[in-house]
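Subject: Handover of a structure and the findings in it

Dear colleague,

Please find the sequence and the structure below.

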Amino acid sequence: MRRAGTLARRILLPVALCGLLPACGFHPLYAENRGEPGKVQTGLAEINVALLPERTGQLLRENLQARLDPSGSGRARRYDLAVSYGISGTPIGIQQDSSITRVRLIGTAIWTLTAEDAKRSTLATGVARDVDGFNIFDQQFFAMDLENESVQRRVTEAVADQMTAQLAAYFDKRDGS
């Protein structure tokens, strides 16, 4: 009998806590409104991502476009997103003979969201950053190149995720759109 009471508490406590979440202001960020996209989804879909130089910039732009408007809604663009993006590398594993065995890559994006109005009003700015690394094996140059590309893709995807979350938070807090 005691075991049934413990099991009931284990089940009812999480359910009760979930019921209290709306009272503290928690709500789904990407919630739909009667089957229509919510204000966050609509705002994100209305962003035009400016062209970015270099291969890593192109990867970031692709990732952002896939996250901001995943359904390809074709909504009219009301906002421009300008991004300055770069990935820097730092050797962190250095042997006694000065050879490098590990490289840390740091991807940093500084972004500005502006309205497509006559004033070109700046609406929001932010910074997104991610760190990853890869090992360098002796005389394995092809493997090192492949690993470097793979890590750059991972860093770029993580930076795009952070930027999307920051933009979603902006549209969620914004009054009316």
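The buried residues of helix α4 are V151, V155, T156, V159, A160, M163, T164, L167, A168, Y170, F171 and D172. Here buried means under 20% relative accessible area, exposed means over 50%, and partly exposed is what lies in between (1.4 Å probe, protein chains only). Helices (H or I, at least four residues) and strands (E, at least two) are DSSP runs, numbered from the N terminus. The model is predicted, so local features need pLDDT of at least 70 and side-chain atom pairs count only at pLDDT 80 or more, while totals for chains, interfaces and linings use all residues. Residues are numbered from 1 along each chain as its sequence is written, and side-chain values use heavy atoms, with hydrogens and water left out.

The cover over the buried residues of α4 includes α2, β1, α3, β2, β3 and β4; contact means heavy atoms within 4.5 Å. As for length, the 33 residues of α4 should span 48 Å at 1.5 Å a residue, and its end C-alpha atoms are 48 Å apart, which agrees. The expected span of a helix is 1.5 Å times one less than its number of residues.

The largest nonpolar core has 29 residues, and those with the most contacts inside it are I47, L60, L64, L81, V83, L113 and M163. A nonpolar core is a set of buried Ala, Val, Leu, Ile, Met, Phe, Trp, Tyr and Cys residues joined through side-chain atoms within 4.5 Å. Which helix gives the most to this core? It is α4, with nine residues. Leaving aside neighbours within four places in sequence, L81 is in contact with I47, N48, V49, A50, L64, W111, T112, L113, M163 and L167.

L44 belongs to helix α2 and is buried, at 2% relative accessibility. The C-alpha atoms of L44 and L167 are separated by 7.2 Å, although the two residues are 123 apart along the chain.

Strands β3 and β4 pair in the antiparallel sense over 13 bridges; two strands pair if DSSP finds at least two bridges between them. R104 has G133, in β4, as its bridge partner. The hairpin of β3 and β4 has six residues between the strands, and R120 there takes a positive phi near 55°.

Six salt bridges are found in a search of the whole structure. A salt bridge is a side-chain nitrogen of Lys or Arg within 4 Å of a carboxyl oxygen of Asp or Glu. One of them joins the side chains of R75 and E46 (3.1 Å, N to O). R75 lies in the loop between α3 and β2 and E46 in the loop between α2 and β1, so this pair ties together parts that are 29 residues apart in sequence. R75 is partly exposed, with a relative accessible area of 35%, whereas E46 is buried, with 6%. E46, R75 and R78 are linked in a network of salt bridges.

Another salt bridge joins the side chains of R67 and D161 (2.4 Å, N to O). R67 is in helix α3 and D161 in helix α4, 94 residues apart. R154 forms a salt bridge with D132, their closest N and O atoms being 2.8 Å apart. This pair links helix α4, which holds R154, to strand β4, which holds D132, across 22 residues.

Yours sincerely
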